[in-house]
Amino acid sequence: MSLSHGLSTDKNWWRQAAIYQIYPRSFADADGNGIGDLKGVTSRVDYLKSLSLDAVWLSPFYPSALADGGYDVDDYRNVDPKLGTLDDFDEMLAALHNVGIRVFVDIVPNHSSNLHQWFKDAIASAPGSAERNRYIFRDGRGANGELPPTDWPSHFAPSAWTHESVWGGEGNQWYMHWFAPEQPDWNWDNPEVEADFLATLKFWADRGVDGFRIDVAHALKKDLSEPLRMRATMEYEEPRDLNGTGILMDRNEVLEVYKTWRTLFNSYDPPRVAVAEANVHPSRLPLYASEETLGQCFDFRFIDATFDSASFKHCVTDSLEMAKKNNSSTTWTLGNHDQMRYATKQGLHPVVDRDEWLLGNGTSHPVDFEIGTQCSVAANVFILALPGCTYIYQGDELGIHEVADIPEDQIQDPIYLRNHKKAKGRDGARVPLPWTRAGENFGFGDGSPHLPQPEWFGSYSVEAEDGVPESPLEIFRKALKLRRELQCAEEITWHKTSRENVLHFSRPNGWNCITNFKGGRYPMPKGEVLLTTQPLVDGKIPSGTTVWFKA
Ligand code: NOJ
């Protein structure tokens, strides 16, 4: 496997990759408009290289009015002018490839935006027209069609139906949207839609993109047979195993879509890879991650797992077993752009209701910043030692915390705006990154950042941590570099420990990982210490610490 001149030649590169999620509008702003851009990413390639990554995944950078942070796409085969141009994309891709980093783009196939040309055409066309049939339009219930066609709820708003008049439609129909009204769902029973997405995948794959993250991968196909079924269960909130026959989620037909995509992916050399974001019952995940479909599926088990040995062990065991079922590999993740920052989750007392805490701008309870960051680094180094892929959300390598006090008038997330302000939403994990300790916008760019950065950001900046051996950044760098050198067969062996809250496992080549989750110091086993997330004290592992060693 050669990495000195661009990309590795290993076709299995994706199985145990370290993948870094870039949320482009909050990563680095090269043109000073307050929104991060593709040139900003290119300007930070050396930084990404310093992390020994195998790939980056870019959240959507397509033209979008940002009703949902870019997951409302106006044009799938272009770059938002606020973020750059297709030439900037090519330049960024070449720069990343040149240092051995592959690139995933985010595909959003469940819905477009209301500003997509096909949705505008649909609104301007008559009921029953070919234009409307690309989306899900229906007549309403009630004497005059004044009620939505069904009681389906939306993830971001009370109803999954909005009347066409909202966008100037002159008819009396409603269209369906799982998310915000600005995100109309595609009609995946229409072959035109399927063909258009194949064209999009080909567009990016031909440009040299290596992989795809598939947004809400389980939702594309719905049971649209008439009469439409009313909501039997709230399928979204509590994924159930309905054997592929639910109304709106996880229907068996969606797997057929991915089989077609797989054929396209495999026509490239090396085959393009994909990872599904599928919020389905765990027993159904392997279907999305099989060699015939997308190949990998996010496993979100760790995201809300308690920071203790029992729940971590449970997550690992389950996930490894699941991946074995279809020759996939696991995908560990502790954070992403939809989650409260992992360090903050760990720094809050476990009894605190996180949603309420956020709603109160983080004033109701203190966060222990230091412990939160320590546990976050320990948990990340734990998952980095496991077989399979690790996803790292931008800023987590700095141990950064949630920005809980974004002023009301600056909140962007539809979760807040559409839920009568009953949930604060996800902006607090999307605040532009601090690159410098001080100075204008902490080095993010010249323009005022699209979300406000707090005073304390500087102490979590790249500049503040760079070269400081015990900083989260340097620990991540060391761990990612070592991980690459130590990588071996995708297996682990658990070892007994003398305390309940300590987990110890090893990989077949003698790479050992031990984590002391809570409690007093734990005696360090015999071996050559490779890495510790906190210094040993008198040869013992302090609480909230992970150590790698060679036995
Ligand atoms: C999942 C994405 O991660 C999230 O940010 C988005 O709001 C929904 N899908 C809708 O696209």
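Modeller: Start with a term: a polar contact is a pair of N or O atoms within 3.5 Å; within protein, one must be able to donate a hydrogen and the other to accept it, and residues adjacent in sequence count only if both atoms are side-chain atoms. This is a predicted model, where local features need pLDDT of at least 70, side-chain atom pairs count only at pLDDT 80 or more, and totals for chains, interfaces and linings use all residues. Residues are numbered from 1 along each chain as its sequence is written, and side-chain values use heavy atoms, with hydrogens and water left out.

Colleague: How far is an oxygen atom of the ligand from an N or O atom in the side chain of His-111?

Modeller: Look for an N or O atom in the side chain of His-111 and pair it with a ligand oxygen. The distance is 3.0 Å.

Colleague: Which side chain has an N or O atom 2.6 Å from a ligand oxygen?

Modeller: Arg-426 has a side-chain N or O atom 3.0 Å from an oxygen of the ligand. The 2.6 Å pair belongs to another side chain, that of Asp-68.

Colleague: What share of the ligand's exposed area does the protein bury?

Modeller: Accessible areas come from the Shrake-Rupley method with a 1.4 Å probe; for residues, only the protein chains shown count as cover. Taken alone, the ligand exposes 290 Å². The protein buries 97% of that.

Colleague: How many charged residues are in the shell around the ligand?

Modeller: A residue is near a molecule or strand if one of its heavy atoms lies within 4 Å of it. The ligand is surrounded by 13 residues, and Asp-215, His-337 and Asp-338 are among the closest. Asp, Glu, Lys and Arg count as charged; Ala, Val, Leu, Ile, Met, Phe, Trp, Tyr, Cys and Pro as nonpolar; the others, Gly among them, as polar. The shell has four nonpolar residues, two polar ones, and charged ones numbering seven.

Colleague: How far apart are the C-alpha centres of domain 2 and domain 3?

Modeller: Domain bounds come from an automatic or database domain assignment. Domain 1 covers 13–110 + 192–465, domain 2 covers 117–176 and domain 3 covers 491–550. The C-alpha centres of domain 2 and domain 3 are separated by 57 Å.

Colleague: Which residue in β6 stands opposite Trp-161?

Modeller: β5 pairs with β6 (residues 173–176) over three bridges, in the antiparallel sense. Opposite Trp-161 stands Met-176.

Colleague: In the sheet of eight strands, which are the edge strands?

Modeller: The order is β9-β8-β7-β3-β2-β1-β11-β10, in an open sheet with parallel pairing. Each edge strand pairs on one side only; they are β9 (295–297) and β10 (331–333).

Colleague: In β2, what is the bridge partner of Ile-19?

Modeller: β1 (residues 18–22) and β2 (residues 55–58) pair in parallel over four bridges. The partner of Ile-19 is Ala-55.

Colleague: Where is Pro-227 found?

Modeller: Most peptide bonds are trans. Glu-226 and Pro-227 are joined by a cis one, with omega about -10°. Pro-227 is in the loop between β7 (211–214) and α6 (253–266).

Technical notes:
Two strands pair if DSSP finds at least two bridges between them. Helices (H or I, at least four residues) and strands (E, at least two) are DSSP runs, numbered from the N terminus.
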